[in-house]
Amino acid sequence: MEFQRSDAMLMEILQERKTITGFLDAVFGFLKRNTDFYHTKKDATDKVGFPKGMRDQILYGAMQRYDPDCLLQTMTAESSIDDSGINAPPAINEVTVETEDREVETRPTPKAKSRRGFEPADHKNGAVFEHHCWSQTLKDVELHIQLPENLQAAKQLNIEIKAQQIKVCSKMGPQQLILEGTLSQRIRHNDAVWSIEGGQLLICCDKAKERWWDRLFEDDDEIDIKKLDTERYIDELPEDSQQAIEKLRVQQIAADQQQKQALASIDPEQSKTMERLKKAWDAEGSPFKGQPFDPSMVRMS
């Protein structure tokens, strides 16, 4: 999902600034330095900035959009509200329809929320069930929960995330239980974040210990952790490991350059022989297969 990448970048800023005030200071500072957000148009010919008062309307509309007590909170990003901010301020637009007899005012109803199914990425290295699925990396766990059609707003849900338990249910009685379970391993519940989009609740948690889980909840069937995709990006490795890999890469480049220079210094006939030896070096059955080609180990008469 697109918001996951944005959340990761914004979370890094929030952790660095430590407070909401500091976070907002960083955001508005960025807008001041890099955009025309604070520029007020002087006249109609001015092509940058906003008309007087529009900036405040955009800010107020953006806050309304995610306010759990506001109608805009229940509308998804794919609804009639666009990301430009121009149409954000009014919660509902009144449209006047002219007829032969009289004027009739109608209010458009919000579009129905689009529901999405689970995608392969949603249960990578995890498992999928009828109404929820989970995925994992070595460091974190993501849980996708399909919400009932009548419970898709944050203000309607009670979400409890503890060190080894997750419970999602309706806030108003009679209580409607959506998902509850005891986690197979512990998580850093104080750092957990969640969001709602496309009729699904997404919960992202950091694992208490870096290890592969064989199940999400204790009552789930085990998955075969030997079949997991355990590849890690270099930038996810510890700093000392990244430095060691970079050192090996530089050494390999230098060795390749030396080899090219050595091949260039010999006569064409020897060059052809060296190419044949290089192919034989990595051929099936060769004791050197899989190792970097080293001409110094080859005796040539």
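A residue is called buried here when its relative accessible area is under 20%, and exposed when that area is over 50%, with partly exposed residues in between. By that cut-off R215, with a relative accessible area of 19%, is buried. The legends below describe close-up views of a predicted model.

View 1. Helix α2, which runs over residues 20-34, has 15 residues and reaches 21 Å from its first C-alpha to its last, close to the 21 Å expected at 1.5 Å a residue. The buried residues of this helix are G22, F23, A26 and G29, and because they cover an arc of only 125° around the axis, they are placed on the same side of α2. On the face turned away from that buried side, α2 carries the exposed residues I20, T21 and K32.

**View 2. A salt bridge between R17 and D25.** The side chains of R17 and D25 meet in a salt bridge, with a distance of 3.4 Å from N to O. R17 counts as partly exposed, its relative accessibility being 37%. The count of salt bridges in the model comes to five.

View 3. The side chain of R215 meets that of E222 in a salt bridge of 2.6 Å, taken from N to O.

**View 4. D220, a buried residue with no salt bridge.** D220 is found in the loop between β10 (200-206) and α4. Although D220 is buried, it has no salt bridge, and the nearest side chain of opposite charge, that of R215, is 7.3 Å away; a salt bridge would require a side-chain nitrogen within 4 Å of a carboxyl oxygen. When neighbours within four places in sequence are left aside, D220 is in contact with F129 and R215.

View 5. The side chains of R249 and E246 meet in a salt bridge of 2.7 Å, from N to O. Both residues lie in helix α4 (residues 239-265), where R249 and E246 are three residues apart, about one turn of the helix. An α-helix has 3.6 residues a turn, so residues three or four places apart point the same way. R249 is partly exposed, with a relative accessible area of 44%, and E246 also counts as partly exposed, at 37% relative accessibility.

Terms used: Residues numbered from 1 in each chain as written. Predicted model: local features only at pLDDT ≥ 70, side-chain atom pairs only at ≥ 80, totals over all residues. Heavy atoms only, no water. Helix = DSSP H or I, 4+ residues; strand = E, 2+ residues; numbered from the N terminus. Expected span 1.5 Å × (residues − 1). Buried < 20%, exposed > 50% of the residue type's maximum accessible area, 1.4 Å probe, protein only. Arc of directions from axis to C-beta. Lys, Arg positive; Asp, Glu negative; His and termini not counted. Contact = heavy atoms within 4.5 Å.
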